[in-house]
Amino acid sequence: MDLLLVTPEEKKKIHEYYNVDEKQIKEDVMMIKSWKEKQPHLPDTLTDDLIEKILLRNKFRVERTKHKLDNYYSLRGLYKDLIQNLEKVIPSQEATTYLPLPKLTPNLERLVIVKIMDADPDHYEVIDLVKFTIAVQEVRLLYDHDVGTRIIYDAKGVTLRHMMKWNPLILTRLSTLVEKAYSSRIVGLECLNLPSFANKMMAIFKLALRPKLYDRIMIHENLESLYKVVPKEYLTSEYGGTVGTIPDLLSKNTKMDLLMVTPDEKKRIREYYNLSEDQIKEDVERIKSWKEKQPHLPYDVTDEFIEIVLLRNKFRVERTKQKLDNYFSLRWYLKDLIENMENIIPSQQVNTCLPMPKLTPNLERIVIVKFLDTDPDRYSIPNFIKLHFAIEELCLRHDYSIGTRFVYDFEGTVLKHTLKWNPITLAKFMTYIERSYSCRILGFEFINCSTFLNKIIAVLKVVMRAKIYEKVTIHEDMASVHKVIPKEYLPKEYGGTMENIPDLIKKWDEMMKNHHQFFVKNYENVLLSTSLEELRPLDVNDQGGFGVDDDFIEKILMRNKFRVERTKQKLDNYYSLRGHLKDLFQNMENTIPSRETTFCLPIPKLTPNLTRVVIIKIAETDPNRYNTPDFIKHHLAIQELCLQYDYSIGTRFIYDMELCTLKHTLKWDVSAFAQLATLVERTYSCRIFGYEFINCSTFVNKIMAMLRVILRAKIYERVTIHKDITSLHSVVPKECLPKEYGGTLDSSPDLLKKWDEVITNHKDFFVKNYENILLGTSLEELRPLDLKTKDQGVFGVDGTFKKLQID
């Protein structure tokens, strides 16, 4: 948050100050949550972040924190007259300010300036100062992270008439709330510019403050005295500092004003994705760990930024990594649009791109796009895109919603505007919005459409993905819009109850002005990411270096009955053992299932028992064309794809021996088949539920003898020889078989043609897969020494897999 900056380094120092680490903090948070569940009088809006903030304010003492949490909810109810109407506080219009300064001091303290801004005693009310103070305390409890508060009380302009309005009882109640409800640790009260009646002021302070706090009052004769306690550079310009002027800081708009998300809404969004605070923190840490290994990405990525990108990608970690990479790398192509963003003044643009301040009941952010100036000669697509990207930059850091619903108001649009639309530019714009800024588009609501609507729709069809184009709705009137977006979430111009568009845009003018330095730094990062691109790791692709995304790991976990240690072993096998047979993985992209002499065909439908049926059959009657290595390569290609996409509890193989002759079996390489059986089980984690043999020949005994050699005893027991198709149907239902086997699915040739297309579409995957196998082989020397002999345990025989011999 801009107005309460806390860097990761400062946060780390604070934790070191209290001698706690992340693990200990998480444990303390869990203890308090466990205690909270037994406190029915406390509400359910308590987040892990709030608990951590109150722990911090109580020096990470758990029992004291429990007590202060109870106070937070109970004392505010007791003093509810001081809490009412806090939303009406406008800092820049208050007679007295209570202003936290944006930077922490070297001692990790938050400075707060208390000072009269309007010297007229008739405008002064102590209750207004109390409400302002409490409002700031509420915000600080959500966003601040410090070891304590040092208050600078500037009494310049205070007269006896002001002091006559001081009510010791109200001030005592405020002091109680600040300390006991908000757990604010006041480390000092520095008084400046005290009047001649300072003794009377001190007498009131002595009544309102606890003795321990009263002893922390220090009276400064001049600024030099103050600088001995507070370094000059952490003060405002009025006190010789460099953090800006008091009026500028007071007038700053923050994300709470223009992109409001209440704690309850944030909680509901997390519940929508079925995620806890701890899970999100773990995901953030995983991405931070990944990012440390990406030297081509800039370093200014906060936890909050990562969480928002996670949210925009439905908390899918691998997709978030890809989108983060896109965000930093792809924006270089837009650098001309990102340059000088700091000079954008929304109210002076021809178009507006205006986010509404409140989330809808569906937790969506509404964004209105419309013409402010209908003169086509002033209209510029690049200017509109630059404004849109600037808004996205801010939303990516401050918004927290499940997606965006755009309201496009075409009032004032003429044919001359559309002639300036460049479909290629707009298509790129849509790509960057989705792929760089991770914007989840929930809908486009079109209103006030013109007579040439068909031309607009034609352009949209070109620039949008089909999935997004389907989300376009054309509304005849506002009543239709209100069925999608309730009135209270729209501006007055659309029958809503929010402020009108010009007033909201003026606030965004201020927002842009306050983020001037952010946009300057942002452009520098875009240029930096260009120079860092050459540092990108060579093995980075869409799924990370070795394709280990969450989905991939989950599939291997499932294939190993969700046993973590076994899964680790199988993952290790997957990357290391394939290197021993790397020749079989070379040129896999050239496999054409329908042309193989023996095909390996997964059936598209799972059985009622959730198993995947795979049919293996010799398709070529000429034994001279039969080739064992080709079959194994084809089989392994199918296993690679099943490991990426299939989700079943196991595999049941049907071996159709109809065209198999004795001459075919003479070409069988028993050692190669043994290697295949081992790879299928130990590398691809294939859970074999059964081998169903049909159409067996008279020499089936020879086949069984070979199987007994190459299969583990447990697997061999799952071999069944079926006398007819009816027997097979007792194991595999008809509806899960192709037509040739009495089933209702497509014929095997038709299914094989579909697999031809699948292999063709995965050519790049197989090329990259082979490169990874070669890379894995070269990395094998990095294996920890105590694991280098594990091959013997995997295969149960001495020697390496490559030298495996079968008698």
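Between which strand and which helix does the loop with Asn-695 lie?

**Two asparagines in loops**

Asn-695 belongs to the loop between strand E14 (688-694) and helix H33 (700-710); helices (H or I, at least four residues) and strands (E, at least two) are DSSP runs, numbered from the N terminus. This is a predicted model, in which local features need pLDDT of at least 70, side-chain atom pairs count only at pLDDT 80 or more, and totals for chains, interfaces and linings use all residues. Residues are numbered from 1 along each chain as its sequence is written, and side-chain values use heavy atoms, with hydrogens and water left out.

Although not a glycine, Asn-695 has a positive phi of about 55°. Its relative accessibility of 41% makes Asn-695 partly exposed, a class between buried (under 20% relative accessible area) and exposed (over 50%), computed with a 1.4 Å probe on protein chains only. Asn-274, in the loop between helix H14 (263-272) and helix H15 (277-292), also has a positive phi of about 55°. Asn-274 is exposed, at 65% relative accessible area.

**Helix H2**

The buried residues of helix H2 are Ile-25, Asp-28, Val-29, Ile-32, Trp-35 and Lys-36. Seen down the helix axis, they fall within an arc of 120°, so they line one face of H2; the arc is that of the directions from the axis to the C-beta atoms.

**Nonpolar cores**

A nonpolar core is a set of buried Ala, Val, Leu, Ile, Met, Phe, Trp, Tyr and Cys residues joined through side-chain atoms within 4.5 Å. The largest has 91 residues, and Phe-389, Phe-444 and Phe-446 have the most contacts inside it. Helix H19 (residues 381-398) supplies the largest share of this core, ten residues.
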